Structure formats: C-alpha cells, structure tokens
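Thanks for asking me to look this one over. My notes are below as numbered points, so please keep the structure open while you read.

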Amino acid sequence: MRIEKPKHQPKKMVAVNWRSLMPVLIISSFIIYEEWVSFPSCKLLPNTAYNPDKHVGNEDDSPEDLKVMMVANLHLLGSEAGFVNLYFRDYYMSKFFKKSFQSLNPDMLLVLGDVSAKGSELSRTKWLSVLHQFDSLLGPFLDIPLHVILGDRDVGECNGLRASSVNWIARNFPGLDSSGCGAFEISNISFVSLNDVALLCGDNKLRFDVEKVIERESVDLQMEIKGIDEAKNDFVMLSELSNDFRWRVNAMKSGSGPVLLLHFPLYQSGKTHLWEGSTFKSIIDSSGNVPASAESKGFSKTDPYDLSQTVPANATEYIFHALKPRIIFSAHTHEFSVYTHPDGTQEVTIPAMTWEVRDDPGFIVATFQRNKSIPIAISYLVMPGLLATQIS
C-alpha cells in the first residue's frame, strides 16, 4: 500500500524556518538602522539670500581651510541621568559624534553653552559627573582644540548668577577666564567668546567683568590700526568713566573684527529665518516674540527658560561698536537660523544637540576658506542627514 505525504508539510517547514530567521533579521535590521542614524549624509540648502531656485555647490577642502564643528544645548544630566538617557540617548549621541568626527575630520570643536540640563542647580560633585559624561561623549574630539562657552542652564539666570559659581565652572573648561569669557586664535582667525548671560543682568558684577573683556579685546584689535600708546590711553580714559555701557571712537570697519561666539543671540530688529523642510521660515518677529506657529518646534516646552530671549538692544549695539565682529555664532533657541544684522554682519544660530527639545538633534560645521569667493561655508547636520549652505 502506498503512503502519501501530507501536502501541507512543506508549508510548516517554511514557517519554522522563517521563525528561526526572525532573530537574525531583527538584529541585522537594528545594526543597519544604528549605522544609518549615526552617520551624516549631505543635501543642499538655499543660499543666504533664501532663493530656493539658486543653490551653491560644494567646494573641495583645502589644507589651509579651518573646519570648525559647533554644537550647543547638550543638556547633559550626569549622575541624574535615567536608564533611557544612559543606554539610548547618550549611546547614540556618542556614536554620532564619533561618526561625524571620522567623516568630517574637523580641526576644532566649539560648544556654545548649556552643556548641562540644570547645572545651575547642581552641587559641585554632581557637576563633576556632568563633566565626566561630557568627556565620555566627546571621545575623539578630546584630541583636537576645544572651546566651551557658558549658557544659562550652566550658570543660572540673573537672580541666581554668582561670580564664584561661574568662576568654578569656567575653570573646568579650557580657555575661559573667571568671568566665563575667552579669546584665542587658530589658523590666523581670531575668536572671542562672551558670557552673554551676564549681559542680561543689569547691575550684576559679572556684567561689568564681561564689559571689561569686550573693551580689552577692542583695544587689542585697534592696536593693529592705531599706535599702541594711543590705544592704551583710550583704555585708561575709558576705565575712569561710569560703569554704564562705555562708548568711544572705533576706527575699525564693520566685519573686520573677530568671530564672535555667544550663547544668547544678539538683539534682532527684523525677522530671523529658520530652516524647516525645504524653506527658510520666519520665527521671531520685530518685537522679539516667538509666534504660536513655532511652538510645535519646541519653543514653548522648556519653561521657565524663555527661548525668545536675546542680548538687550543697547548691549548688542555696544558689542557691534567695540568688536566689529566678522560673523556671529549663537545658540539657545534650539533651532538652526541665519540672520543678517543692519551692518551686514551675519549671525548663525546653532540647533540643539539633544532629543529633549527636538526630534532631529543637529549641529553645524563652519569652514573658514582661504582664497575663495565664499570665505565661510556653513554645513548644517542633523541625525541622520546633513544640510549645507554657504555664507559670503
């Protein structure tokens, strides 16, 4: 008698084989996703004239170019970080930094404030855990020049801003003085960083210390134009004036000064343009307020921090008068934006590098190019994509 095999048996075998492959497929998919989400790719942005029909091209890097990676608003929690932060957010952030370093090969890293999520509330012991987390996150970047400026989450708002605390925090970051300011030069390009949190704070002692830094840098810059004795005499006369914002003649031309690094953006009398999707959109109107349409991008979810805050108008004018910055980089708003000030100086605002305030953490790379028609190229990177524009 002939025995026939059931016809449905092969289907069972296929089903069993499929189930046995599921763990392999899941792990493979996870590895592919992990590599994709941590590796930057490139797209083009419209140029700073915001003309979507006219794009700029990529130019080959020159050995003489200075490539600077800039991040902001890391909002690290240190010892207060929970399971998700430690084993997911920080892991992917560290991997993204490593991949970005390998693919971009920057010459320097700048962090424009808010390293800590709530550093102004932390004890020094807990602050040390934030600094340890910061070092672990940076990895390969610790081998290149690093400069960190202070944000309001690091040092506190005006009612809690204390010189002793700022001094202690500043000592833990390279190149900062006791007031949280710094100045340095690399590849013949001058940078000045200011603790502009203090400039929002009326009669706070730190504000006066920051003003002295601005004047000292202004004198140093003008020594290249005036005689040394004349510039020093100007500074001595200035120090005898009142502690209100100090004004004097500045022979420098607009845009001839240093690259200016801030946490808070400078006062903006017009509209700021935010990159969203494939277009630049206005996010801050002439009154300095953030419209309701921007709330969905994270502008109203971080109370009590006011994301529409900028350096006051009189302090902004004072900075322009004293320093004549070449270009300005700021942060705080959590968004990437470009603004042209009345004298033609452009200010680029760095996006937040944390999932706490946006779905696509990002940063920028500024390439200071020599002997090219466009001296500064700005690349805006997000996880996992990269958007690029150039600034003249």
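1. Let's begin with Val 68, which sits in strand β2 (residues 66-71). Please bear in mind that this is a predicted model. Val 68 counts as buried, because its relative accessibility is 0% and the cut-off for buried is under 20%. Its C-alpha lies 7.2 Å from that of Leu 110, although 42 residues separate Val 68 and Leu 110 in sequence.

2. Which residues is Val 68 in contact with, once its neighbours within four places in sequence are left aside? They are Met 108, Leu 110, Phe 191, Ile 364, Val 365, Ala 366 and Phe 368.

3. Now to the rings. A pair of aromatic rings is described by the distance of the centres and the angle of the planes. Searching the whole structure gives four aromatic pairs. One of them joins Phe 184 and Phe 191 in a stacked arrangement, with 5.0 Å from centre to centre and 10 degrees between the planes. Phe 191 is buried at a relative accessible area of 1%, whereas Phe 184, at 21%, counts as partly exposed.

4. Phe 191 and Phe 368 are both buried. Taken together, the ring pairs link Phe 184, Phe 191 and Phe 368 into a cluster.

5. Strand β5 (residues 182-186) and β6 run antiparallel and are joined by five bridges. Phe 184 has Phe 191 as its bridge partner in β6, and the rings of these two residues are also stacked. The hairpin of β5 and β6 has two residues between the strands, and Ser 187 takes a positive phi near 55 degrees there.

6. What does β6 run parallel to, joined by three bridges? That is strand β7 (residues 259-261). Within β7, Val 259 is the bridge partner of Phe 191. As for cover, four of the five residues of β6 are buried, which leaves the strand mostly covered.

7. On to charges. Side chains of opposite charge can pair when their charged atoms come close. The count here comes to three salt bridges. In one of them, Lys 205 meets Asp 209, with the closest N and O atoms 2.9 Å apart. Both residues lie in helix α6 (residues 205-222), four residues apart, or about one turn of the helix. An α-helix has 3.6 residues a turn, so residues three or four places apart point the same way. Lys 205 is exposed at 53% relative accessible area, but Asp 209 counts as buried at 18%.

8. Another salt bridge links Glu 211 with Arg 207, and here the closest N and O atoms are 2.7 Å apart. Glu 211 and Arg 207 are again in helix α6, four residues and about one helical turn apart. Are these two buried or exposed? Glu 211 is buried, with a relative accessible area of 0%, and Arg 207 counts as buried at 8%.

9. Glu 217 and Arg 216 form a salt bridge too, with 4.0 Å between the closest N and O atoms. Please look at this one with the cut-off in mind, because a salt bridge calls for a nitrogen within 4 Å of a carboxyl oxygen. Glu 217 counts as buried at 11% relative accessibility, while Arg 216 is partly exposed at 38%.

10. Last, helix α8 (residues 313-323). Its buried residues are Ala 315, Thr 316, Tyr 318, Ile 319, Phe 320, Ala 322 and Leu 323. What covers them includes α6, β7 and β10 (327-330). Just after α8 comes Lys 324, with a positive phi of about 45 degrees.

Note on methods
Residues numbered from 1 in each chain as written. Predicted model: local features only at pLDDT ≥ 70, side-chain atom pairs only at ≥ 80, totals over all residues. Heavy atoms only, no water. Salt bridge = Lys/Arg side-chain N within 4 Å of Asp/Glu carboxyl O. Buried < 20%, exposed > 50% of the residue type's maximum accessible area, 1.4 Å probe, protein only. Phe/Tyr/Trp six-rings, centres within 6.5 Å; stacked < 30°, edge-to-face > 60°. Pairing = 2+ DSSP bridges. Contact = heavy atoms within 4.5 Å.
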